[in-house]
Amino acid sequence: ADKTKIDFWFGNSGDIAKRVQEQCDRFNQSQADYEVVCTSQGSYDASLQNTIAAFRAGKQPTIAQVSDAGTLDIMLSGAYYPANKLMTDMGYNVDWKDYFSGISGYYATSKGEMYSFPFNSSTALLYWNKDAFAKIGKDHAPATWKEAGEDLKALKDAGYACPLGFDISNNEVWQYIEQFEAVNGEAIATKKNGFEGLDAELVFNKNPLLVSYVKDLKSWYDNKLAVIKNKAVGQTFVEAFAAGDCQVILTSVGDHGNVGRTAKQGMNWDVAMLPTYGDATRHSSYVGGASLWVLKGHSDAEYKAAAAFFNFIAKPEEALTWSTVTGYIPVRNSGFEYLKKQGFYDKAPYAGRELAIQSLTASPAGDAAPQGIRLGGLLQVRTEIANGLQAIFVNNADVQASLDSAAERGNTLLRRFQQTYKNVQLP
Ligand SMILES: O=P(O)(O)OC[C@H](O)CO
């Protein structure tokens, strides 16, 4: 019989795109009835925009990956077949409680229903070069930004040309701004970052800790303790870290596998939780990455194929393979337990990855701070934040004024989104 073919559009690019493709290949080879055709759209932003556009044109894929930041956009679009309903309809009994509560909490509706499948979950970590730190007499990563500032200065004085490598493009502001608010127990927007109402407003510019931290970053940049690294200068900050050219970066744990494979021969490096600011108590960082959504408008045969794919990637053995090659954390407790049983976290360089889970669960019990972000058009808001940072770093614009106007432009986008869905209840 002919195989049922379905499309799966995803946003990851580069090394992670290869790993997604390998997972698709494993699924296709595991059975004879279905074929999933997996295509990178180049970025999370493109994956969301292309999916919505294709839906309007009646050409949507069966499965689309949407990043954490696009969750509300797709949730309110009405374009999807809820994950929980799909699996029941297709005869699968999914234990939705098996997801890490931090992860399901990020993606679930207020009633706890799962409309999408958490796929690649992450958080931001600080990557540090242990050899460089040894040269300045340190055997641990900075726990606070004050300590980080001293370390960067010492690294500079020891002759390192790029103590901190960073970037301020729209895809790279989440780890500096959003995760900063997270670990310090603050919020980027009112209404618990939007979880408690569509009419949330951006307030990151009003947090004195954040303003002061951006000022620190700017002064480190001016003093060459922090250097912008991206494709435009020929090397991303992740590549610069792996090459041993930059000694500290902030990036997703999802890059851990790639950094391990591409790190300069013999280089000693590790990861740490993001530093906190001032004397703030550490709170949980936010879940990053993406989840998988099933689109409306397909046949039962296609939905059967999609359900079989979701069932396949939920296997603990798949969690092990996927987590090993990428760095993304296992999204299910069963996967995590399986990894632990295999001794995964006892082996270098994987030991540090457990820190991602510790970072995601660092909040004191009953924390009043938001545990994630649920804003419409957050991907566009990030572009406004990136524009604000661009003004500060490249054009020496005033920090407070630039953050204020970025928040104002972001709020205009949020209001536009709210207007589109003014009669809609947050699910
Ligand atoms: O690089 P990722 O996949 O961990 O995703 C980072 C951010 O969460 C994107 O919103």
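Strand β7 pairs with strand β9 (residues 246–252) in the parallel sense, over two bridges. Helices (H or I, at least four residues) and strands (E, at least two) are DSSP runs, numbered from the N terminus. Two strands pair if DSSP finds at least two bridges between them.

Before going further, note that this is a predicted model, in which local features need pLDDT of at least 70 and side-chain atom pairs count only at pLDDT 80 or more, while totals for chains, interfaces and linings use all residues. Residues are numbered from 1 along each chain as its sequence is written.

### The sheet around β7

β7 belongs to an open sheet of five strands, in the order β8-β7-β9-β6-β10, with mixed pairing. The edges are formed by β8 (226–228) and β10 (269–272), each of which pairs on one side only. From one strand to the next, the twist averages 30°; axes are lines fitted to C-alpha atoms, for helices over the stretch in contact, and angles run from 0 to 180 degrees between N-to-C directions. As background, strands of a sheet pair through backbone hydrogen bonds, either parallel or antiparallel.

Let's stop at one residue, Leu164, which sits in strand β7 (residues 162–166). Its bridge partner in β9 is Val248. Is Leu164 buried or exposed? Leu164 is buried, because 27 other C-beta atoms lie within 10 Å. The rule is that a residue is buried if 20 or more other C-beta atoms lie within 10 Å of its own, exposed if 12 or fewer, and partly exposed in between, with C-beta atoms placed from the backbone. Leaving aside neighbours within four places in sequence, Leu164 is in contact with Leu152, Trp220, Leu225, Ala226, Cys246 and Val248. Here, contact means that the C-beta atoms of two residues, placed from the backbone, lie within 7 Å. The C-alpha atoms of Leu164 and Val214 are separated by 14 Å, and these residues are 50 apart along the chain.

The chain is divided into domain 1 (4–121 + 288–353) and domain 2 (124–285 + 362–420), with bounds that come from an automatic or database domain assignment. The C-alpha centres of the two domains lie 26 Å apart. Their contact takes 26 residues from domain 1 and 24 residues from domain 2. On the side of domain 1 that touches domain 2, the elements giving two or more residues include α1 (14–30), α2 (44–56) and β11 (288–295). Which element gives the most to that side? α3 does, with four residues. By class, this side of domain 1 has ten nonpolar, twelve polar and four charged residues. In this scheme, Ala, Val, Leu, Ile, Met, Phe, Trp, Tyr, Cys and Pro count as nonpolar, Asp, Glu, Lys and Arg as charged, and the others, Gly among them, as polar.

### Around the ligand

The ligand is surrounded by Tyr44, Ser67, Asp68, Ala69, Asn120, Ser122, Trp174, Ser252, Gly254, Gly288 and Gly289; a residue counts as near a molecule or strand if its C-beta atom, placed from the backbone, lies within 6 Å of it. Two or more residues of this shell come from each of β5 (117–122) and β11. By class, the shell has three nonpolar, seven polar and one charged residues. At least three residues are drawn from each of domain 1 and domain 2.

### The well-covered strand β11

β11 is largely enclosed by the rest of the structure, because eight of its eight residues are buried. Gly288, Ala290, Leu292 and Val294 are buried on one side, and Gly289, Ser291, Trp293 and Leu295 on the other.

| Strand | Sense | Bridges with β11 |
|---|---|---|
| β3 (residues 63–67) | antiparallel | five bridges |
| β4 (residues 80–81) | antiparallel | two bridges |
| β5 | antiparallel | five bridges |

Most residues other than glycine have a negative phi, and most peptide bonds are trans. Lys192, in helix α9 (residues 190–193), has a positive phi near 50°. Asn193, also found in helix α9, has a positive phi of about 60° although it is not a glycine. Lys192 is partly exposed, with 17 other C-beta atoms within 10 Å, whereas Asn193 is buried, with 25. Finally, the peptide bond from Ala348 to Pro349 is cis, with omega near 0°, and Pro349 lies in the loop between α15 (333–341) and α16 (354–360).
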